[in-house]
Amino acid sequence: MVKAVKKPAQKGKKVAKTMKKAPSKTTPTGLGGFKIRIGIVHGKVFDPIRQGTQDRNYPEQLKIKNNTGPNADGWGGQFMADVSTGLKIMRLHPDIFHVDFMTMEQMTEKRLAKNHITFNFWGDMSIALMNGKPALARRIQKIQKNPNTRHHPVWDYYEWIMHKSRYMKQCTKAGIPMIDTIHVENGFKAREVLKKIVAKGWDKFFVKPAYMSFFGAGVINGKTQDFLDNIEPLLQYEAENKQQKEFLVQPYVLKPNGNVFDEIRNFFIDGEWAYSVYTDGVDYEGFWEQPEGKLKEACKKLAIRTMEQVKKVHKWEGKPLNSLLNRIDIGVVPDKTKKEGWRIFVNEIEPQMTTWLGRYCPFVVQDKIAEVAVKQIHEMLKRSLAAKRKMPSPEKLRKLLAVLDQRLK
């Protein structure tokens, strides 16, 4: 919490007495210190903010100090985007908001029920599974599915993104270009899949789980002919992934130089395009803000078309609401047969639990997201009160929302 420091009066000078002013219409009174509690689930230790933009009261215990070398827990510095956003929310309205910082291991239904809304920036069910913690994943799933925990994002939208085939099919139906894909939805059967790959005529292919998976987990790839000559590795992959039902099978998309395609990652805040960052397909240090030009504009237009599909799904209390943040990754392959000299397609849609790449953003990303979060908190809590959700001190909450309403006008 940011505390104001009272400066002592200078010696030898009289301090003028001032009349106490009547409380402003936008100053909460008579609430006994009550504040709107906002949960922030953090742990994204690889998403640093721009240098010098951290809150001056950044909590010591939340700094990522082991951030260099082969045994580092984090990357890019001590100050991360998820915690910084929560701190900015409090700094914007210190008399209205209290932020409850927690890791996914600290999440419980009881704890989230004490908050009015909890934003999950890094600590959802898929991350628990990726970290090999199935019991924790089950606990978090229960939290995410319970509307009375007021967990953001909501379960239905989250599931739409986690089931990659769902959004891919919706986008394809809308005419949005994507990589040609075989959607496996009832378990991986090596021989059946290989027949479909041969029918597609793909020289090389790539298989990855299509549900609750990322960072290249559970991937196999190679030349089609090699698997025709010896199917054993594909059969072994089938045996090792029996717990998974959904997979994406795609041609191995490479640039003319043989490297994996690059991406231009387009970020949307409050449903609006905000910035884009180039990411190299093979160089893990290859990041920069995408420069102005025809390629940037083409990727932006494609991402905006894709975002219209996201807007059809993202809701709060059953009504449409712009998402806080989405990242839409556009794949780019140089192609001399195309008039523009490239071919672009949507590769992935990511929710707010992703890297925001704030170091390469043209503005201070945590400040912008915090401002939007405040606006959305105001709207979401009004909807949840109308839906009669159980939450702490609803009458006091209404009074604070009325104050916030005046400030946001």
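A residue counts as buried when its relative accessible area is under 20%. The structure described here is a predicted model. Asp-270 lies in the loop between S9 and S10, and its phi is near 60 degrees, a positive value in a residue other than glycine. Leu-357, in the loop between S15 and H11, also has a positive phi, near 50 degrees. With a relative accessible area of 9%, Leu-357 is buried. Most residues other than glycine have a negative phi, and most peptide bonds are trans. A cis peptide bond occurs between His-152 and Pro-153, where omega is about 15 degrees. Pro-153 belongs to the loop between S4 and helix H5 (155-162).

The protein as a whole contains 12 helices and 15 strands. Its C-alpha trace extends about 90 × 45 × 45 Å along the principal axes. Of its 409 residues, 50% count as buried. Among contacts between residues at least 6 apart in sequence, 71% join residues at least 24 apart.

Strand S3 (residues 117-120) has paired strands in S1 and S4. Strand S1 (residues 36-41) pairs with S3 in the parallel sense over four bridges, and in this pairing Ile-38 stands opposite Ile-117. The pairing of S3 with strand S4 (residues 151-152) is likewise parallel, over two bridges; the bridge partner of Thr-118 is His-151 in S4. In a regular strand the side chains alternate between the two faces of the sheet. In S3, Ile-117 and Phe-119 point one way, whereas Thr-118 and Asn-120 point the other way. All of these residues are buried.

An open sheet of four strands has the order S5-S8-S6-S7, with antiparallel pairing. Strand S5 (182-184) and strand S7 (220-223) each have a single partner strand, so one side of each is left without a neighbour in the sheet. From one strand to the next the twist averages 15 degrees. Strand S6 (residues 204-209) and S7 run antiparallel and are joined by four bridges; Val-207 stands opposite Ile-220 in S7. Helix H6 (residues 164-173) packs on this sheet, touching S5, S6 and strand S8 (247-251), and its direction makes about 50 degrees with that of S8. Helix H7 (residues 190-200) also packs on the sheet and touches S5, S6 and S8. The direction of H7 makes about 170 degrees with that of S5.

A further open sheet consists of five strands in the order S11-S10-S9-S14-S15, again with antiparallel pairing. Its edge strands are S11 (287-289) and S15 (342-350), each of which pairs on one side only. The twist averages 30 degrees from one strand to the next. Strand S14 (residues 325-334) pairs with S15 in the antiparallel sense over eight bridges, and Gly-331 stands opposite Phe-345 in S15. Helix H10 (residues 294-311) lies across strand S9 (262-269), strand S10 (272-279), S11, S14 and S15. The helix runs at about 40 degrees to S15.

Residues up to four places away in sequence aside, Trp-288 touches Val-277, Tyr-278 and Tyr-360. Trp-288 and Phe-227 are 61 residues apart along the chain, and their C-alpha atoms are separated by 38 Å.

Two packed helices are described by the angle between their axes and the distance between the axes. For helix H1 (residues 81-92) and helix H11 (residues 365-386), the angle is about 55 degrees and the axes are 8 Å apart. This angle makes H1 oblique to H11. The crossing of the two helices is right-handed. On the H1 side the contact involves Ala-81, Ser-84, Thr-85, Lys-88, Ile-89 and Leu-92. These meet Gln-366, Asp-367, Ile-369, Ala-370, Glu-371, Ala-373 and Val-374 in H11. By class, the contact comprises seven nonpolar, three polar and three charged residues.

Note on methods: Residues are numbered from 1 along each chain as its sequence is written. This is a predicted model: local features need pLDDT of at least 70, side-chain atom pairs count only at pLDDT 80 or more; totals for chains, interfaces and linings use all residues. Side-chain values use heavy atoms; hydrogens and water are left out. Axes are lines fitted to C-alpha atoms, for helices over the stretch in contact, and angles run from 0 to 180 degrees between N-to-C directions. Angles under 35 degrees count as roughly parallel, over 145 as roughly antiparallel, 65 to 115 as roughly perpendicular and the rest as oblique. A crossing is left-handed if the near helix is turned anticlockwise from the far one by less than a right angle, and right-handed if clockwise. Contact means heavy atoms within 4.5 Å. Ala, Val, Leu, Ile, Met, Phe, Trp, Tyr, Cys and Pro count as nonpolar, Asp, Glu, Lys and Arg as charged, and the others, Gly among them, as polar. Two strands pair if DSSP finds at least two bridges between them. Buried means under 20% relative accessible area, exposed over 50%, partly exposed in between (1.4 Å probe, protein chains only).
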